[in-house]
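Trainee: I would like to go through the labels attached to a model and ask what each one rests on.
Mentor: Then take them in turn, and set each value against its cut-off.

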Amino acid sequence: MTATLANHTETAQSKSPIDWAAAILNGYLLIFFAYMFLPMIFMVIAAFNASPTPSVIDWQGFTLEWFRALPQDQRFIDGLMHSLIIALGVIVISIPLGLAGALLLTRLKSQATTFLYTVLVSPMLTPGIVLGATTLIFWRDAFGVEGGLLTATIAQSSFIASYCMLMFMARLQRQDIVQEEAALDLGASSFLVFRRITLPFLMPTILTAAAIALLQSIENYNTTFFAIGPSWTLVTEIGSRMRFGISPVINVIGVLFVAITIIAATVYVMASRRKGRG
Amino acid sequence: MNSLIKSYGKGLTSIFLGLTAIWIVVLIVLPQLSMIDRAFTFEDRGGAAATLAVEIDRAYEQVFQINIRLDELQAEKDDLIAGTSSAGQQEGASSLNPFAAPVPAPSGGASDLNPFGTPSAPQANDRSDLNPFGAPSVGSANTVSRTLAEIEAEEAPLLADKGDLEERIATLEAEEQATSDTVGVDKSYSLKNFTMMSSVHLQVFLATIGYALCVTILAFALCYPVAYAVATTTSRNKVAILMLGLLIPYAINELLRIFSWIMILEKQGILNGFLDLLGIINMEAGEGFRFVASNGAVFTVMVYAYVLFMVFPIYNTIDTLDKNQIEAAKDLGASTWRIHWRVVLPHAKPGIAVGAIMTFMLSAGSIAVPSTVGRGLHPDWFSQVIYRRFFEADNWNQGAAYSLALLVACIIFIMFNMWVFRVGIRDIAK
């Protein structure tokens, strides 16, 4: 039945002489992707231009000078270290929190879950600067902790934990609870069941969530900008450089980010396609 | 709760409950509460406590002046004792009376509105009265020499005054300690942090909300066809390529996306270079538009930076639509417009709501775009006003009030979307 229906649509499409709507849509897609990619391409090209102001039009020769300049820039290197420290902290905080929240929400059969859910996802819907500001205020007023790597870690965790929770919930909803029940019936302790059944089932999601948390943390600007105090991360350092004018060293960072992103996105799309087929 | 304990046991369940409780209390509720607390706590910088601080400063200054005068008199006395007469000593002691000029009383409403106006003006007057060298009296210069008794007669009231002042400083400082721990600030619960928002800040707030709404609408207009096209593409390979094309710019750092646009809009940038190639402007002659540092540039870059947050949610919902519905509508003779209005859009509602909420929230709260594209030269974005309240004006309470205003605007927008698109919170955050 569905096969004949699909067949039918196929012939219906090929029958029309020129599908104007489709042509316009394809044209629009082309423009849209040009809009998305041209600025990136400019950014990458300018990283190899000898001109001291990043440019693609004023070509002063191919150079790798800016690539050599980057590792010598101590503030960028320190910023990267700070970013990684924060990201590690964010992962350590958000994975357990997100997991606990997801387990509660999927297993709790109560009227209160919608409210609990709203509270737990609210940081995702809060503007980043508000998260940064509230964390800064709370930790200074309550414990005298000034803005720095610690407050940045906590501020980021508050919303990254929500993302992790949603990922865990999506996974848990597909879990077959029968396995757990069978193990319990056979006399396994609940801790053993969690360690041997639930946790292995969630392991792929834990890894994905950690990767997403890492990326979100390193990329975050708005929240970090407020909570970081006098310290800095790679991204806030890029931001403060940009305010005083632009330098090709930032283009080099751009090239590295673009390369990493393309590899990661390709792997992700390939993996999800394979999953879709299997 | 029972089902939870049944599957994980008491120990693990309490760990989960504990972690979630910590998350809610420490990371979400308490920070929000401390922001709200600060937002409604008005720090009266021009009120009683501030006047107190000014008074204490002034008393210290007066003691300092008296000490100078006493030193002078002491020197005069030493000279007399040594048998040499000193001449030309200035007097000015009459104007030295510390309480000659009335200390400004703890001020009322007017000073609240203008925190630094009232206390500073009388202070300046006082200073000129106090300054012993301000108006050297001609008469005193003629006093060639004075007797020891005369000098001591002048010294006595000064010493008494000094004693009084030191006593007063002690009481004032005790009072200050009692009123608040933060120096010179009087705290009280009020709405003043909001009502005191200057008209400039209010305009910036409204403009920011307006721009954010425009970004959201424009992002929807740009994204809907893309999401539709990707979701209705039947070829697997084409979908993979399109998804890759969307994911890559989406995943690239927000700041780098902004950076690439600054390169374009810069005065020596690509757009001006392009115009130069077309012969519209001559860059050699220093011609060129400074596109950056304007609200238009902030707007353009913001659309670019946040547009993709609209694509994915809409794509996800259209993807679940049974495409046969579209075919059926087509076969029944519906126009393209009607298919979208009656079939695709209603199905995409939750996605549109999510996309709109994310885009609005990101652009209304963005500090990355206005602070880097704007360079502080364009009219402020509200996020920058908040930042300045915190870190430049050092007025955290007003900063908290402004943050709360932004948060409330976002909440209203979220509720409005939930109402218009008839979606629940579970549809929104997925």
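Predicted model: local features only at pLDDT ≥ 70, side-chain atom pairs only at ≥ 80, totals over all residues.

Trainee: What is the secondary structure of each chain?
Mentor: Chain A has 12 helices and 0 strands, and its pattern along the sequence reads α-α-α-α-α-α-α-α-α-α-α-α. Chain B comes to 19 helices and 2 strands.

Trainee: How does the radius of gyration of chain A compare with that of a compact globule of 278 residues?
Mentor: The globule would have a radius near 19 Å, but chain A has 25 Å. The box filled by its C-alpha atoms, taken along the principal axes, is roughly 75 × 75 × 30 Å.

Trainee: Why is A:Pro200 called exposed?
Mentor: A:Pro200 has 9 other C-beta atoms within 10 Å, and the label exposed applies at 12 or fewer. A:Pro200 is therefore exposed. The residue sits in helix H9 (residues 190-219) of chain A. Its C-alpha atom is separated by 43 Å from that of A:Tyr35, 165 residues apart along the chain.

Trainee: And why does B:Val298 count as buried?
Mentor: The cut-off for buried is 20 or more other C-beta atoms within 10 Å. B:Val298 has 25 such neighbours, so it counts as buried. B:Val298 belongs to helix H12 (residues 295-306) of chain B. Between its C-alpha atom and that of B:Thr20, 278 residues apart along the chain, the separation is 39 Å.

Trainee: What makes H10(B) a largely enclosed helix?
Mentor: Of its 12 residues, 11 are buried, so H10(B) is largely enclosed by the rest of the structure. Among them are B:Leu255, B:Arg257, B:Phe259 and B:Trp261.

Trainee: How do you know that the length of H10(B) agrees with its residue count?
Mentor: H10(B) covers residues 254-265, and at 1.5 Å a residue its 12 residues should span 16 Å. The end C-alpha atoms are 17 Å apart, which agrees.

Trainee: Why are H2(A) and H10(B) called roughly perpendicular?
Mentor: Two packed helices are described by the angle between their axes and the distance between the axes. Here the axes of helix H2 (residues 20-46) of chain A and H10(B) come within 9 Å and cross at roughly 80 degrees. Angles of 65 to 115 degrees count as roughly perpendicular, so the label applies to H2(A) and H10(B).

Trainee: Which residues make that contact between H2(A) and H10(B)?
Mentor: From H2(A) come A:Pro39, A:Met40, A:Phe42, A:Met43 and A:Ala46. From H10(B) come B:Leu256, B:Phe259, B:Ser260, B:Trp261, B:Met263 and B:Ile264. The residues of this contact divide into 10 nonpolar, 1 polar and no charged.

Trainee: How many residues of the two chains are in contact?
Mentor: In all, 77 residues of chain B are in contact with 80 residues of chain A. On the chain B side, helix H1 (residues 2-39) supplies the largest share, 21 residues. That side divides into 49 nonpolar, 21 polar and 7 charged residues.

Technical notes. Residues numbered from 1 in each chain as written. Chains lettered and ligands numbered in written order. Helix = DSSP H or I, 4+ residues; strand = E, 2+ residues; numbered from the N terminus. Expected span 1.5 Å × (residues − 1). Contact = placed C-beta atoms within 7 Å. Nonpolar A, V, L, I, M, F, W, Y, C, P; charged D, E, K, R; others polar. Axes fitted to C-alpha atoms, helices over the stretch in contact; angles between N-to-C directions. Parallel < 35°, antiparallel > 145°, perpendicular 65-115°, else oblique. Rg over C-alpha atoms; globule rule 2.2 N^0.38 Å.
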